[in-house]
Amino acid sequence: MTPPHRIAAAVLIRDGRILLGHRHPDRDNYPNCWDLIGGHVEAGESVEDALRRECLEEIGVEIRALETLPLENSDPALDLHAFVVTDWSGEPTNQEPDEHDDLRWFRREELDALVLADPNYLRSLHALLDPNSPNDP
């Protein structure tokens, strides 16, 4: 059995909104859906370093601070490590249009209408944007 792919994913939050990238329809994995920013952890790389690298490569921002986020993932082929990011430098822009054909900020009430890479993300994302929710989604 092949070990799961280690993935680092960022949940960037600004002004009560979450940044998601729309995966290009031509992608082999998870095409034509909204997903977190991130990607594969390379050999010898920590998940935190992978997240910083992926954010710089994909959206052109340098992560200043991150916090672990327990995020349910339904794909057993992925070992997902998610982080909440509220402090970065640079303005997120789509640096890799072959990966994402759109980049957008979403409010809590807009998330339900989206096709997400993993619908299990929804509960945690809602909790992050709900001021009445406890800190632990």
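For these notes, a helix is a DSSP run of H or I at least four residues long, and helices are numbered from the N terminus. With that settled, I looked just past α1 and found Gly60 with a positive phi of about 70°. I keep in mind throughout that this is a predicted model.

**Helix α1**

I checked the length next. Helix α1 runs over residues 47-59, which is 13 residues, and at 1.5 Å a residue the span should come to 18 Å. I got 17 Å between its end C-alpha atoms, so the two agree.

Which residues of α1 are buried? My list reads Val47, Ala50, Leu51, Arg53, Glu54, Cys55, Glu58 and Ile59. I note that Arg53, Glu54 and Glu58 are on it. As a reminder to myself, an α-helix has 3.6 residues a turn, so residues three or four places apart point the same way.

Then I asked what covers the buried residues of α1.

**Aromatic pairs**

I searched for ring pairs and got 2 in the structure. One joins Trp34 and Phe106: the centres are 4.9 Å apart and the planes stand at 80°, an edge-to-face arrangement. I traced where the partners sit, and this pair links distant parts of the chain, with Trp34 in strand β3 (residues 34-35) and Phe106 in strand β7, 72 residues apart. Both Trp34 and Phe106 are buried.

The other pair is Trp88 with Trp105. Here I read 6.1 Å between the ring centres and 15° between the planes, so I logged the pair as stacked; the cut-off for that is under 30 degrees. Trp88 belongs to strand β6 and Trp105 to strand β7, so the pair ties together parts 17 residues apart in sequence.

Are these two tryptophans buried or exposed? Trp88 has 11% relative accessibility, so I count Trp88 as buried. Trp105 comes out at 16% and is buried as well, since the limit is under 20%.

**Cysteines**

How many disulfides are there? I searched the whole structure and found 0. Cys33 is in no disulfide, and the nearest cysteine sulfur, that of Cys55, is 17 Å away. A disulfide needs the two sulfur atoms within 2.5 Å, so I stopped looking there. Cys33 is buried, at 5% relative accessible area.

Conventions. Residues numbered from 1 in each chain as written. Predicted model: local features only at pLDDT ≥ 70, side-chain atom pairs only at ≥ 80, totals over all residues. Heavy atoms only, no water. Helix = DSSP H or I, 4+ residues; strand = E, 2+ residues; numbered from the N terminus. Expected span 1.5 Å × (residues − 1). Buried < 20%, exposed > 50% of the residue type's maximum accessible area, 1.4 Å probe, protein only. Contact = heavy atoms within 4.5 Å. Phe/Tyr/Trp six-rings, centres within 6.5 Å; stacked < 30°, edge-to-face > 60°.
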